[in-house]
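I opened this model to look up its strands, helices and chain contacts. My notes follow the order in which I checked things.

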Amino acid sequence: MKNAYFIADNIISSLGFNTAENIAAIEKQISGITLIYNVQLSAQSFYGSQVNSERLKNEFQKHADPNEFTRFEQFCIISISDALKNSKIDITNRNTLLILSTTKGNIELLNENRLPEISRERVFLWKTAEEIQNYFKLKNTPLVLSNACISGVVAIITAARLIEREKYKNVIVCGADILTKFVISGFQSFLALSSLPCKPFDKNRNGLNLGEGCGTVILSSEPNQCPVNNIVYCGGSISNDASHISGPSRTGEGLYLAMKKTAEQSRKKLKDEIGFISVHGTATPFNDEMEAIAFKKMGYSQIPLVGLKGYFGHTLGAAGVIETIAAMHSLKRGILHATVGFENSGVSVPINVISKTTEKKINSCLKVASGFGGCNAAAIFAKI
Amino acid sequence: MTKQLIISKYCKIIDNMIFVNGKLVFSLKKNIQFSTFVKAAYRYNNMTYPKFFKMDNLSKLGLITAEFLSDEFKTKNVLGEEIGIILSNSTSSLDTDNNYQKTISNNSDYFPSPSLFVYTLPNIVTGEICIKHKILGESVFFVSKSFDAGYIHTLVSDLILNQGIKIVLAGWVEYLDNEYVSSLCIVKNISEKAEITKEIINFTIENLKKIITG
Amino acid sequence: MMVELIEKLKIDIIEALNLEDVKPADIDADAPLFMDGLSLDSIDALELIVLLEKKYGSKIQTAEEGKKILYSIRTMADFISNHQKNK
């Protein structure tokens, strides 16, 4: 069995077009959430996190004609290209696979007035993946998964397992979702959006903010040549609450199960206790309470918690990848990120939320996510 | 101890016909609407599950197909967390996406429907199956142009050989504009099989492809 | 008036929430909708909020307000007729 190393990455979000820009902003506790006025997205203004369209156009023109690719595809192509620049893999080799994680892809194409020059067939997720495959001349058909808000973490777990079992040498994991009227209106109908910037785990939290973005992380059976700062996958698991399709289980049973299996799997590779937890932390009343209960069940009440949705909003299919990348840079730089939006705990059990950028030497991180359909995912990474 | 993976049971629903292990068990005339057909299949199974009627067509289709295989979920000594589900299709939740889009496309008749929006994710069908049968293990939904036996075989095998899963429900479930096909099978280690029947279908890429797409 | 409104509401709710095998006569206008009885859930509640606005022009502004108004068919009917009086 091989190790799966994380060798390169990229984040595109409201905070910037590469990982360095994003991490710099997070370390300064600068949020990417703004009040958005855009009637194409919503009749009422809303707090969300939006990628700069002007810069997107300028960046994408370096790659191809922006008129021939959708916003979603532009995110993916720029992000994957940037991650590849920092790796030495041969992407045209059959031993490289792309895994694409998204909840709604090009759903804006359901509106026939949007991007009329783009074929409606691109609303099929396999078709948009094919466009990306053709752009990079990848030999293998991309694996596309759509599993609600845990998609990104599931994609990373799937990639790592394929490398550990030597099915592929390199796996590019790309998670992306864009802001659309389709998704915003849906969450509005759920009364799930906060009227203010979100407050994960806080006693005044009252909903989430939506965001858009893209995260790409490249996993490989070969570590980076520089021995310092290599991060390896230790274990991961996926579970279902089997309780309700749109609300988390009150007992946190499913998330607890995923964390328990992940901890068992990771025991061989983990030298000490988990350094911190990168939470899902959507800032809805139910989600954060459920997570806190699940952490308590695991005996994790004292472990530092970091929630990043106060910076990026909830980026759905991108969230698991973007937040994992940020967590890895926390490990590399010895800096725990502040859970922007959090002031006072508003859950029923003790938790240790990091509320200020904090220097701390940490060796490992647990990433968790939960999503519609009652699904949960957990994964542990560590510095070697 | 090495494991020998087999396909122990399979169900296909297409053109208003339901086949279990290749044998026709229920059918209605081809021209009958899906909604009528699937309700009849529900009653045929003597189900008492009111949530069924709130589901979208993709979830109804997936749930009914799983129902014909559900005795496998009750296998002795198999816990809910030891059952996994890997489903796939080519259109994701597009049928419901289109229906939801209608509730938001007209500014003068703008009433986004939460009960439709909740079904605008393909993994909700796996969620509904998990809820009904108390399945707590790994469940993932993939999208591909056509059923990819190679990838699905790799992922299912990994679940059973390396991830502590004992039984996997896997296959293809697709619904769009009254056209549909659902083809699911149960994969497990041969030692989990209750009784040895004459025919054993080994879990190979070829057999998986034949069962799901044949 | 109220009796007619209550009967119409029952029919609308059965349709909007896909309550198969439930007839208007089965629903007690004063029984709580969200505990026993019909065992409605949070998505049903949200769909009822849409129904009230779409078919009866009565908008519920907050989730807290919604909890009180959606308690039973009768509280919903009261809300609608008060709202229509004040228009």
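**Conventions**

I am working with a predicted model, so I kept its limits in view: local features need pLDDT of at least 70, side-chain atom pairs count only at pLDDT 80 or more, and totals for chains, interfaces and linings use all residues. Residues are numbered from 1 along each chain as its sequence is written, while chains are lettered from A and ligands numbered from 1 in the order in which they are written.

**Strand β1 of chain A**

I started with strand β1 (residues 5-12) of chain A. Helices (H or I, at least four residues) and strands (E, at least two) are DSSP runs, numbered from the N terminus. I call a residue buried if 20 or more other C-beta atoms lie within 10 Å of its own, exposed if 12 or fewer, and partly exposed in between, with C-beta atoms placed from the backbone. Eight of the eight residues of β1(A) are buried, so the strand is largely enclosed by the rest of the structure.

Next I looked up its partners. Two strands pair if DSSP finds at least two bridges between them. β1(A) runs antiparallel to strand β8 (residues 213-220) of chain A, with seven bridges. There I found Ile11(A) bridged to Gly215(A). β1(A) also runs antiparallel to strand β9 (residues 231-240) of chain A, with two bridges. Phe6(A) has Ile231(A) as its bridge partner in β9(A).

**An open sheet in chain A**

I then traced an open sheet of three strands, in the order β2-β3-β7 (chain A) and with mixed pairing. β2 and β7 of chain A are the edges; each has a single partner strand, so one side of each lacks a neighbour in the sheet. Strand β3 (residues 46-49) of chain A pairs with β7(A) in the parallel sense over two bridges. One of the pairs I noted is Ser49(A) with Gly211(A) in β7(A).

**Positive phi**

Most residues other than glycine have a negative phi. I noted the exceptions below.

- Gln29(A) has phi near 60°. I place Gln29(A) in the loop between α1 (19-27) and β2 (34-36) of chain A. Gln29(A) is partly exposed, because 15 C-beta neighbours lie inside 10 Å.
- Phe201(A) has phi near 65°. Phe201(A) sits in the loop between α6 (181-189) and β7 (210-211) of chain A. Phe201(A) is buried, with 26 other C-beta atoms within 10 Å.

**Helix α4 of chain A**

Helix α4 (residues 125-136) of chain A has twelve residues. From first C-alpha to last I get 17 Å, close to the 16 Å expected at 1.5 Å a residue; the expected span is 1.5 Å times one less than the number of residues.

Which residues of α4(A) are buried? I list Leu125(A), Trp126(A), Thr128(A), Ala129(A) and Ile132(A). Seen down the axis, the buried residues of α4(A) fall within an arc of 160°, so they line one face of the helix. The arc is that of the directions from the helix axis to the C-beta atoms.

The cover over these residues includes α3 (71-85), β4 (96-101) and β5 (143-145) of chain A, together with β5 (139-143) of chain B.

**Chain A against chain B**

I count two residues as in contact if their C-beta atoms, placed from the backbone, lie within 7 Å. Here the contact takes 39 residues from chain A and 42 residues from chain B. On the chain A side, α6(A) gives the largest share, six residues. By class, that side has 19 nonpolar, 15 polar and five charged residues. Ala, Val, Leu, Ile, Met, Phe, Trp, Tyr, Cys and Pro count as nonpolar, Asp, Glu, Lys and Arg as charged, and the others, Gly among them, as polar.

β5(A) and β5(B) pair in the antiparallel sense over two bridges. Val144(A) stands opposite Val143(B) in β5(B).

**Chain C**

Chain C has four helices and zero strands. Buried residues make up 29% of its 87 residues.
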